[in-house]
Amino acid sequence: MFYIKGDVIVPMLDLSGWIFFVTSCISHSAILLLALWLIFFLPLALLKKERWAVGLFVGAVSILATMAFINMQVYKIYRFHINGFIINMITGPNAGDIFDFSPYLYLTEGLSLLIVIGICIALWPAAKWFSQRIRKKGVTILIATLVGITLIANGIHVYGSFVAKPSILQSVRLVPYYFPLSASSLMESLGVEREVVEVSGMSGEGEMRYPLHPLQKQDSTQLELPNIVVILIDSWSRQSLTPECMPNMWQLAHEEQWYKNHVSCGNGTSFSVFGMFTGLQPYYWTAYQSARLSPLLVDRLLELGYDFRVYPSAGLQSPPFDRLLFQHVPNLRLDTPLPTSYERDLRIKDDFIADMPQLKAQKRPFFTFIFFDLLHAYSLPKELLNRFQPSWEYGRFDELHNDMDPTPFWNLYRNSAYQTDKMVHEVITNLKKQGLYDNSLVFITGDHAQEYNENHKNYWGHNSNFSQYQIGVPLIVHQPDHDTTAVYTHRTTHYDFVPTIMHNYLGIKNPLEDYTAGRLLSDKTPRLWHFVGNELRYAFIVEGDTILTKEGAGYIEVTDSKLNPVDNYRIRPKEFDKAIKDLNRFFNQ
C-alpha cells in the first residue's frame, strides 16, 4: 500500500481504481503469505515442531517484508521492481559509481529495516491471539472474504484491461510481481462490445509526458510534403532477401537505400508495430494505452491534410492497433475478410493499386500503410510450393525439434517470401506507372524476423528470444527525388522511422529526445543499449550484440549474439543508470 504514496497516478484514480488497487494489494499479500505458510510452517507443524515452524515462518515473512521495503525504494528511482539488472549492478565491482551510500543513509536504512522486521515479529502473537478467539465459522468467513477480494481484483482488471481504463491499468505496475487476469480475446470472441472509457474528467497529467515539450512546427506552406508508403511484411527475415528467394526486392535494394543492419524493437507484431508508429519503446505500452495517447506521427500527418489509408491483411483489432495507433484516423479499414492470408494479401495489394488513380487525382499527399501477412501464416496454395523443394505444405509445428533438418520448413517460408516479393513488386511498379513513386517516401521492412533454429538452440519462429534471427529485418528505403544508391551497415532501428519522417519531411524542429527513442536513419552513431521487448520481458542489446534479457520472473540472462551464455557478466553501473533514466524519461516523475 505504501508504494502508491506520492506516485503520479494518484490524481488519476477514481473509485474503481482505488477499489482495484486496495483489493489487489490485499489479495496479492494473502497469496504470498499463504505460499510461505504452506512451505515453512505447515510441514513442521504437522511434525510437531511448532517452535521451528513459527521461527521459519516469521523469518520468511520478515525477509519478504524487508525485500518489499527495499523494492519500494528501487521503484521510486527506476520505476520498475527489483530484478536481475539491479542485483547484477549492485553486486558488481563498480556499484559505488552510482550508489554513494553515506553513513547516515546506512543508519536510517538499517533502523527502517529493523522496524519492518520488528513489526513482522510482533504480528505473530497478535495473529495467534486473533486465531484463538474466532470460531470455525469465523475462519470460513475470513477465507471466503479473501477469496472474494481476489475475485473482485481480478474481475475489475479483466474489465479494465478490456476497455483500457487508465485508473486500473496504471496501478497494476505499482504492485510488485502481480499479474492479474486478462480476458480480452475471450470477451471479444463472446461478442462483448468495447465501451469507450473517457479520461478527460480525471485530474492530473497522468503517468506519461509525451512529448516532453510541445512540438515546434514549421509552417505547412513551407513544406514540400511527399507521399509516404510503408510496406510492412510480417515475419520478414534478412536471410530471405536473396536473388533466388526475393529477386525483385533484391534488385530494388541495390537501386535504393538498403539498410543491412536494421533491427526491430520487438520479436512479435504488437510491440514492433507500436515502436514503429510511436518512436517509443514498447515498455510504455500499458501507460500509453491507458492514457489514450495517439502517435505524434499520425496526428501530424492528419494535421497536414494527408489522406491516411491503411490496408491490413490481418485485422487491426487484435492487437488493438485501431485504438492504440489509429484512433484519430477517419474511415479506418479494420480488416480484409477473406479465408487465407494469401488471399488477403492479394486483396490489399489490389485494393491499393485500384486506389492509386484516385490518390493521384486528389492533389494532396497520402500516407499508406500496407501490412502483408503471408510469411507469418504460411497459407500458400499447393501449386505455388514448387519453387523451393522439398517444402512442407503448411507449418507442422508439432514436429519441430532441435535435431531436425529445417530445410522443408525453411523452403515453405521461402516459397511464401517469393510470392510476397511479387506482390510488393507489383505495388512498386504501379506506383511508378502512376507517376507517384518519384514523389513518395517508401519504406519496405518487416515487423520482426522469423527463426529457423539457426542458433541450434531449438528456437523456431518468433516471440521467444532477442537474437538477430528474431529481431533483424531488412529495410529498403526510397526517398523522393533522391537517386543515390547506397548500402548502409550501421545499426538502425524501428524507433528511427518516426524521427526521420517528422524531422526530415513534416517540419518538426524539436530535439529528437523530446518525442522519440530513435535517431535519424542517417545517424551512424552506435545504438547502444537498444531496448527490445515489452514491460514484462525485455532485453538490452549492448556492445557486440550481447543480449541482456530480463525475464518475466525478474532474473536476467546474459548471452552472446548466438544465445550462448556469458558467464560472470557485470553490468557497468554508469551505463545502466543512464540507459534506464533515458528509458524512463517519458514518465512523469
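Of the 589 residues in the protein chain, 51% are buried. The model you are looking at is predicted, and its chain holds 18 helices and 15 strands. Let us walk through some parts of it.

Next, let us see how some helices pack together. Helix H15 spans residues 407-433, and its axis comes within 10 Å of the axis of helix H13, residues 341-361. The two axes cross at roughly 5 degrees. Angles under 35 degrees count as roughly parallel, and H13 and H15 are therefore roughly parallel to each other. On the H13 side, the contact is made by Tyr342, Asp345, Leu346, Lys349, Asp350, Phe352, Ile353 and Met356. H15 brings Gln419, Met423, Glu426, Val427, Asn430 and Leu431 to this contact. By class, the residues of the contact of H13 with H15 are eight nonpolar, two polar and four charged.

H15 also meets helix H8, which runs over residues 247-255. Here the axes come within 7 Å and cross at roughly 50 degrees, which makes H8 oblique to H15. From H8, the residues Pro247, Asn248, Met249, Leu252 and Glu255 take part. They meet Tyr418, Asp421, Lys422, Val424, His425, Ile428 and Lys432 in H15. Sorted by class, the contact of H8 with H15 has six nonpolar, two polar and four charged residues.

Another pair to find is helix H11, residues 296-303, and helix H17. Their axes are 10 Å apart and the packing angle is about 30 degrees, which makes H11 roughly parallel to H17. The crossing of these helices is left-handed. Leu296, Leu297 and Arg300 in H11 meet Val498, Ile501 and Met502 in H17. This contact of H11 with H17 has five nonpolar residues, no polar ones and one charged residue.

Now follow the chain into the loop between H17 (497-504) and strand S12 (530-533), where Thr516 is found. Is Thr516 buried or exposed? Its relative accessibility is 1%, so Thr516 counts as buried. Leaving aside neighbours within four places in sequence, Thr516 is in contact with Gly279, Tyr495, Pro499, Arg585 and Phe586.

Other loops hold backbone details to look for. A cis peptide bond joins Tyr210 and Pro211, with omega about 0 degrees. Pro211 lies in the loop between helix H7 (184-189) and strand S1 (227-233). The peptide bond from Ser318 to Pro319 is cis too, with omega near 5 degrees. You can find Pro319 in the loop between strand S4 (307-312) and helix H12 (321-324).

Finally, look at Asn453, a residue other than glycine whose phi is positive, near 60 degrees. Asn453 is found in the loop between strand S7 (451-452) and strand S8 (460-461), and at 4% relative accessibility it counts as buried. Asp545, which is not a glycine, has a positive phi of about 60 degrees. Asp545 lies in the loop between strand S13 (538-541) and strand S14 (547-550).

Notes. Residues are numbered from 1 along each chain as its sequence is written. This is a predicted model: local features need pLDDT of at least 70, side-chain atom pairs count only at pLDDT 80 or more; totals for chains, interfaces and linings use all residues. Side-chain values use heavy atoms; hydrogens and water are left out. Helices (H or I, at least four residues) and strands (E, at least two) are DSSP runs, numbered from the N terminus. Buried means under 20% relative accessible area, exposed over 50%, partly exposed in between (1.4 Å probe, protein chains only). Contact means heavy atoms within 4.5 Å. Axes are lines fitted to C-alpha atoms, for helices over the stretch in contact, and angles run from 0 to 180 degrees between N-to-C directions. Angles under 35 degrees count as roughly parallel, over 145 as roughly antiparallel, 65 to 115 as roughly perpendicular and the rest as oblique. Ala, Val, Leu, Ile, Met, Phe, Trp, Tyr, Cys and Pro count as nonpolar, Asp, Glu, Lys and Arg as charged, and the others, Gly among them, as polar. A crossing is left-handed if the near helix is turned anticlockwise from the far one by less than a right angle, and right-handed if clockwise.
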